[in-house]
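Dear colleague,

Please find below the structure that I am handing over to you.

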Amino acid sequence: MFRATFETLRTIVDLSPDAILVMDRQERIAFANAEAGKLFGYEKEELLEMPLEALLPARFRASHHSHVDAFISANYTRRMGETRDIYGLHRDGRELPLDIMLSPLSIEGDPFVIAVVRDITQLKVTEGKLR
């Protein structure tokens, strides 16, 4: 039977083709994999302790806090933005259309949120061509 060590699990998460971020209750990034760094234009270490809002276009920042509070209170896995388009902000200022899955996580009683983030730029381009 395969029993993964912590380092093996970290390597698996780092090799994920999707960006993975973990945010604490104060909406600071507590963990980022390598793909998260690539997606947003940072080294993954630069993302640690960064406020999540730094990765959001300005027009979404004010409403984002209430969405986080509601998600933590509801405590269930869900797709973010089922009724609206979601965008992230690259370091260079470009906006990125994203698909985001959220899952709650409790570590020693403290709430965290795991976000699995996928760049859907190519999907949006294809959809535009089909229209």
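Helices (H or I, at least four residues) and strands (E, at least two) are taken here as DSSP runs, numbered from the N terminus. This is a predicted model, in which local features need pLDDT of at least 70 and side-chain atom pairs count only at pLDDT 80 or more, while totals for chains, interfaces and linings use all residues. Residues are numbered from 1 along each chain as its sequence is written, and side-chain values use heavy atoms, with hydrogens and water left out.

I begin with Ala 32, which belongs to strand β2. Ala 32 counts as buried because its relative accessibility is 4%; buried means under 20% relative accessible area, exposed over 50%, and partly exposed in between (1.4 Å probe, protein chains only). Its C-alpha atom is separated by 5.8 Å from that of Ile 20, 12 residues apart along the chain. Neighbours within four places in sequence aside, Ala 32 is in contact (heavy atoms within 4.5 Å) with Ile 20, Leu 21, Lys 44, Leu 47 and Leu 48.

Next comes the nonpolar core, a set of buried Ala, Val, Leu, Ile, Met, Phe, Trp, Tyr and Cys residues joined through side-chain atoms within 4.5 Å. The largest such core has 21 residues, and those touching the most other members are Leu 21, Ile 29, Phe 40, Leu 47, Leu 55 and Leu 98. Two or more residues each come from β1 (19-23), β2 (29-32), α2 (34-40), β5 (95-107) and β6 (110-119). Strand β5 gives the most, with four residues.

The structure also holds nine salt bridges (a side-chain nitrogen of Lys or Arg within 4 Å of a carboxyl oxygen of Asp or Glu). One of them joins Asp 14 and Lys 44, at 2.5 Å from N to O. Asp 14 lies in helix α1 (residues 6-14) and Lys 44 in helix α3 (residues 44-47), so this pair ties together parts that are 30 residues apart in sequence. Another links Arg 59 with Glu 95, the closest N and O atoms being 2.7 Å apart. Since Arg 59 is in helix α4 (residues 58-74) and Glu 95 in strand β5, the pair ties together parts that are 36 residues apart in sequence.

Finally, Asp 24, Arg 28 and Glu 49 are linked in a network of salt bridges. Asp 24 is found in the loop between β1 and β2 and is buried, with a relative accessible area of 12%.

Yours sincerely
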